[in-house]
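Please load the model in a viewer and keep the selection panel at hand. The stops below move from the whole chain to single residues.

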Amino acid sequence: MNILNIEHISKIYGAKVIFDDVSCGIHDGDKIGIIGVNGTGKTTLLRIIAGLEEPDEGQIVCQNGKKLQYLPQTPKFPEGATVLSYVMAGKKQEEWNRESEAKNILNHLGVTEHGEDLEHLSGGQKKRVALARTLLESSDILVLDEPTNHLDEEMVNWLEDYLRKYKGVVIMVTHDRYFLDKVTNKILEISHGKLYAYEANYTKFLEMKAQREEMELASERKRQSILRIELEWAKRGCRARSTKQRARLERLEALKNGTAPVQDQNVELDSVETRMGRKTVELHHITKQYGEKKIVEDFEYIFLKNQKIGFIGPNGCGKTTLLKMIAGILEPDSGEVEVGETIKMSYFAQEIPQMDTKQRVIDYVKDIAEYIPTREGRITASQMLERFLFTPEMQYAPIEKLSGGEKRRLHLLGILQTSPNLLIMDEPTNDLDIPTVTILEDYLNSFLGIVIVVSHDRYFLDNVADRIFAFEGEGHLQQYEGGYTDYLEAKTRRLSETEQRGRTAKEEKKTTGAKDWKKDHPVKLKFTYMEQKEYATIDDDIAKLEEKIAQLDAQMEIHATNSAKLGELMGQKEEAEQKLEEKMDRWVYLNDLAEKIEAQKE
């Protein structure tokens, strides 16, 4: 049964058609994700559904008595309000259970100072407070615009679980693809004024969209084939005398007036990187502290050529501070950041820098570079803007006319066209639509340089990062190989091993000096499944790494006079040696455990 109907909605802004007679039924219990390129009307659709904006034609019909709550992308707050007073607005003070629930939601969203004035909070904290208020309100329909922005891993996991259990309808815009996969059962895609519905989560939607576009192209090929036949018939001078001939001519006109399916444009990213010398960026025992809080403590790392490093951790742990130290914007309290002479660094900040909103889009780009070098040669600022989906009309419009996502895309263009060989990016996927993020991922994977990124976008990290550093504990960074999923698996495995070692130590302590009856019932040590698998292959793994290092040594002798090749080989050797050291530590632990297990048999 439909709880809400979108009936023949049309909406035009100036000359731009946002919606062209779109309709859709929403069923009770639907969890809907809305997808589309920035500027296609995702937020507009949410506002129309929420009753905050009127369509030019059509209507939204909602079942009587159904309550709807709306979370805007940029909430507005009253002056003088505290966190709790804002979240509890309209609730009776005696509703102590509601206050308890409000505090619980706020705590899960990382806002623990419930009496704090809202004006003292950061933009991200304010958005989380607004989300808490939206979730606390009694509702049958939740309309959420970018609810996952400014949420760290733990908060996103909590929100996923909350929305899955929520018994009403959820309609949301989010660019978090894993979130869409885990929460939604329906995708609405906005494309060129039309609305396409898919009974699917994000992964299944990709398959179904490809099938739809393939069918549309097949229909278009058939239309073109029939049109050619009918045109040949018309050219032979047939006259519209009979009813049959008139009907055929009318069909020909219909075929001629038919339109081919419109293909979505994708952002084309391309740049020419600056050559990188042997020395990259080296962090030597850097430490940073604010008051009693340690941000980074004694962190040491040398970035290798073409590495893609992701930094993750809870909000407020110091990720942005670390990026700013690497970029030279902040100084560490102790230690040193060394940057090679050939490094050309570009920093993509979390917040868009101040722009002259009266300036035309094309002038913003020309101020950076009149001509942009690409692998195919030099192109004009206008051509580069077209690659970034800025139409000629948009190029000559003032920046103030752009949406938040379009401004961020323009800023990204400005960063990439400077031809860096080291990119530092703080939450680059915020406010970017999914098609743009997908192209950005492809660009970064082919980028001939170093990428250092902070991101809460798990899908993005899986597609881009080859090494993860996680903030774990005060000031400590733990290294993991691979992307986000690899990090999760390794972290789970490491915690399991730590627990196993703890249990082993505890049992050993109990055994020492234990009573005689305990000696007859000793706790049996054993490998976990993963430990047994690792123990069976670790000798071969170590041998392969030792062989690789020997081969690299031999190649370094051959290329001793080629500094560029030598630097590359040295980087590979350092990485292999680090992996070997980690494997040796595991070998010691596993062999020690194996000896204890064997001793139990005696």
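Colour the protein by secondary structure: 19 helices and 20 strands are assigned. The model is a predicted one. Of the 602 residues, 45% are buried. If contacts are drawn between residues at least 6 apart in sequence, 67% of them join residues at least 24 apart.

**A helix pair**

Select helix H4, residues 123–136, together with helix H5, residues 153–165. Their axes come within 13 Å and cross at roughly 15 degrees. Because angles under 35 degrees count as roughly parallel, H4 and H5 are described as roughly parallel to each other. The crossing in which H4 passes H5 is left-handed. Show side chains for Arg128, Leu131 and Leu135 on H4, and for Met155, Trp158, Leu159 and Tyr162 on H5; these residues make the contact. By class, the contact of H4 with H5 comprises six nonpolar residues, one charged residue and no polar ones.

**A buried strand residue**

Move to strand E18, residues 450–454, and select Ile450. Is Ile450 buried or exposed? With a relative accessible area of 0%, Ile450 is buried, because the cut-off for that class is under 20%.

Which residues does Ile450 touch, leaving aside those up to four places away in sequence? The neighbours are Met276, Thr280, Phe303, Leu304, Lys305, Asn306, Gln307, Asn421, Leu422 and Leu423. Draw a C-alpha to C-alpha distance from Ile450 to Leu304, one of these neighbours. The two residues are 7.4 Å apart in space and 146 residues apart in sequence.

**Two positive phi values**

Select His8, which is placed in strand E1, residues 2–13. Although His8 is not a glycine, its phi is positive, at about 50 degrees. The relative accessible area of His8 is 49%, so this residue is partly exposed; a value over 50% would be needed for the exposed class.

Finally, go to strand E11, residues 293–302, and select Asp298. What is the phi of Asp298? The angle is near 50 degrees, a positive value in a residue other than glycine. Asp298 has 45% relative accessibility and therefore counts as partly exposed.

Notes:
Residues are numbered from 1 along each chain as its sequence is written. This is a predicted model: local features need pLDDT of at least 70, side-chain atom pairs count only at pLDDT 80 or more; totals for chains, interfaces and linings use all residues. Side-chain values use heavy atoms; hydrogens and water are left out. Helices (H or I, at least four residues) and strands (E, at least two) are DSSP runs, numbered from the N terminus. Buried means under 20% relative accessible area, exposed over 50%, partly exposed in between (1.4 Å probe, protein chains only). Contact means heavy atoms within 4.5 Å. Axes are lines fitted to C-alpha atoms, for helices over the stretch in contact, and angles run from 0 to 180 degrees between N-to-C directions. Angles under 35 degrees count as roughly parallel, over 145 as roughly antiparallel, 65 to 115 as roughly perpendicular and the rest as oblique. A crossing is left-handed if the near helix is turned anticlockwise from the far one by less than a right angle, and right-handed if clockwise. Ala, Val, Leu, Ile, Met, Phe, Trp, Tyr, Cys and Pro count as nonpolar, Asp, Glu, Lys and Arg as charged, and the others, Gly among them, as polar.
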